[in-house]
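Dear colleague,

I am handing over the structure we spoke about, and my notes on what was found in it follow below. Please read them with the structure open beside you.

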Amino acid sequence: MDSVSNEGLPDEYQWFSDQIAGHHPSVIKNGKREIGLLKIPGSREILKPKQDASRGEKEVAIYKLLSSSSSSCPSSDLRNGKPEDVEMLRKLTANFYGIRRLFVDDEDREFLVLEDVTSDYRRPAILDLKMGQVTSDPLAKADKVEKERIKYPPQAVMGCRILGYRIHRDNNKVEIRDKEWGKSFDETTIQDGLCEFFSARDNELKEVLEKALIELETIKHFFETQTSFQFFASSLLFVYEGDVTLPINLKIIMIDFSHAFFSNGNRDEGYLFGIQNLEGFLQDMLKIC
Ligand SMILES: O=P(O)(O)O[C@@H]1[C@@H](OP(=O)(O)O)[C@H](OP(=O)(O)O)[C@H](O)[C@H](OP(=O)(O)O)[C@H]1OP(=O)(O)O
Ligand SMILES: Nc1ncnc2c1ncn2[C@@H]1O[C@H](COP(=O)(O)OP(=O)(O)O)[C@@H](O)[C@H]1O
């Protein structure tokens, strides 16, 4: 992502420089720049703009559900999430600290205050994978369904797509790959893209892949058992330490719930299919390390 002027932001705040994908101020839509994630430098929180209409409501509802101790969810279509599913999902997501209102680009806006899951790292390597076989949600209009369907046909074949990565290397060098680069891969070549990301620590590809497979197992277990949620256009964010003097500390966090729906007792087979394929890709890569 290009760096963008911080003009128009409240004092202290900057655009979050480690944002990989999603709405970003370098993109102009209908004559206005999009609003991306914000951060006060040095803090362990990021602020994610609440999206318009039902998308924002859905994401806030799910984070409120996860941060509440009981089933007192304010959103009617998430109220029935099974407690064990909610508990498991909570462990796979960033902490939510509430809503903050800020003036950005002269408009009063709401932001979700979230744990910055990259803040513990000296040189974070960060990858965003969009999961699921279908990336339009059940309420999408026909033109959006079609746009999403033809955007990247391998999504239906693999159940995942690389949205991009950032690797902080020595000497403050940052290596960036974007979603157009991600779209250059299909089911026959995606391992090349994944290999590039998981190779941030010289000669430690095998160790990094092993850690990723362990973390992925927990997420796979969640999707094998949970019947409370269906996720569309949601992502897995991989983060690990690129500084070889520090432990690998690989984490996988589920993010982006603006198209998350309550499920009437069905598993999310499209997301699970993506995890199973991803696991297969990583296992194959491990065999040749
Ligand atoms: O379909 P569009 O044009 O509305 O834009 C998509 C966004 O929808 P929105 O503008 O928020 O309604 C869409 O946002 P949501 O997932 O709907 O929040 C994505 O940003 C999508 O990009 P990609 O599939 O992640 O590469 C965006 O797709 P691209 O335009 O980047 O292909
Ligand atoms: N909790 C988090 N900690 C660190 N980075 C995050 C977090 N949530 C999102 N991000 C970053 O922001 C990007 C966009 O987030 P996402 O929720 O997908 O936004 P959008 O709804 O605009 O698509 C991700 O690719 C990731 O880099």
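K50 is partly exposed, with a relative accessible area of 22%, and its side chain meets that of E57 in a salt bridge with an N to O distance of 2.9 Å. E57 is likewise partly exposed, at a relative accessible area of 47%. Please keep in mind throughout that this is a predicted model.

By the rule used here, the count comes to 31 salt bridges. One of them joins the side chains of R33 and D105, at 2.8 Å from N to O; R33 belongs to strand β3 while D105 sits in the loop between β6 (96-104) and β7 (107-115), so this pair ties together parts that are 72 residues apart in sequence. D105 itself counts as partly exposed, at 24% relative accessibility.

E217 counts as partly exposed at 37% relative accessibility, whereas K220, at 13%, counts as buried. Returning to K50 and E57, salt bridges that share partners join these two with R101, D108 and E110 into one network.

The two ligands come next. Ligand 1 is surrounded by H23, K29, R55, K130, K144, K147, K151, R161, K179, S258 and H259, and helix α3 (residues 142-151) gives the most to this shell, with three residues. A polar side-chain atom of R55 lies 2.4 Å from an oxygen atom of the ligand, and a side-chain N or O atom of K144 is 2.7 Å from an oxygen atom of ligand 1. For K179, too, a distance of 2.7 Å separates a side-chain N or O atom from an oxygen atom of ligand 1. On its own ligand 1 has 600 Å² of accessible area, of which the protein covers 75%.

Ligand 2 is surrounded by 19 residues, the closest being I20, H23, K48, E115 and D128. Backbone atoms make polar contacts with this ligand: a polar backbone atom of A21 is 3.0 Å from an oxygen atom of ligand 2, a backbone N or O atom of E115 lies 2.9 Å from a nitrogen atom of ligand 2, and a backbone N or O atom of V117 lies 3.1 Å from a nitrogen atom of ligand 2. Taken alone, ligand 2 exposes 560 Å², and the protein buries 96% of that.

R161, named above in the shell of ligand 1, lies in strand β9 (residues 160-168). This arginine is buried yet has no salt bridge, and the nearest side chain of opposite charge, E148, is 5.2 Å away. Leaving aside neighbours within four places in sequence, R161 is in contact with D128, L129, K130, K151, Y152, Q155, K179 and K183.

Finally, a point on the backbone. Most residues other than glycine have a negative phi. N30, in the loop between β2 (28-29) and β3 (32-33), has a positive phi of about 50° although it is not a glycine, and N30 is exposed, with a relative accessible area of 81%. A233, in the loop between β11 (229-231) and β12 (234-241), has a positive phi of about 55° and is not a glycine either, but A233 is buried, at a relative accessible area of 7%.

With best wishes

Definitions and conventions:
Residues numbered from 1 in each chain as written. Chains lettered and ligands numbered in written order. Predicted model: local features only at pLDDT ≥ 70, side-chain atom pairs only at ≥ 80, totals over all residues. Heavy atoms only, no water. Helix = DSSP H or I, 4+ residues; strand = E, 2+ residues; numbered from the N terminus. Buried < 20%, exposed > 50% of the residue type's maximum accessible area, 1.4 Å probe, protein only. Lys, Arg positive; Asp, Glu negative; His and termini not counted. Salt bridge = Lys/Arg side-chain N within 4 Å of Asp/Glu carboxyl O. Contact = heavy atoms within 4.5 Å. Near = heavy atom within 4 Å. Polar contact = N/O pair within 3.5 Å; in protein donor to acceptor, adjacent residues only side chain to side chain. Areas by Shrake-Rupley, 256 points an atom, 1.4 Å probe, with all protein chains shown as cover.
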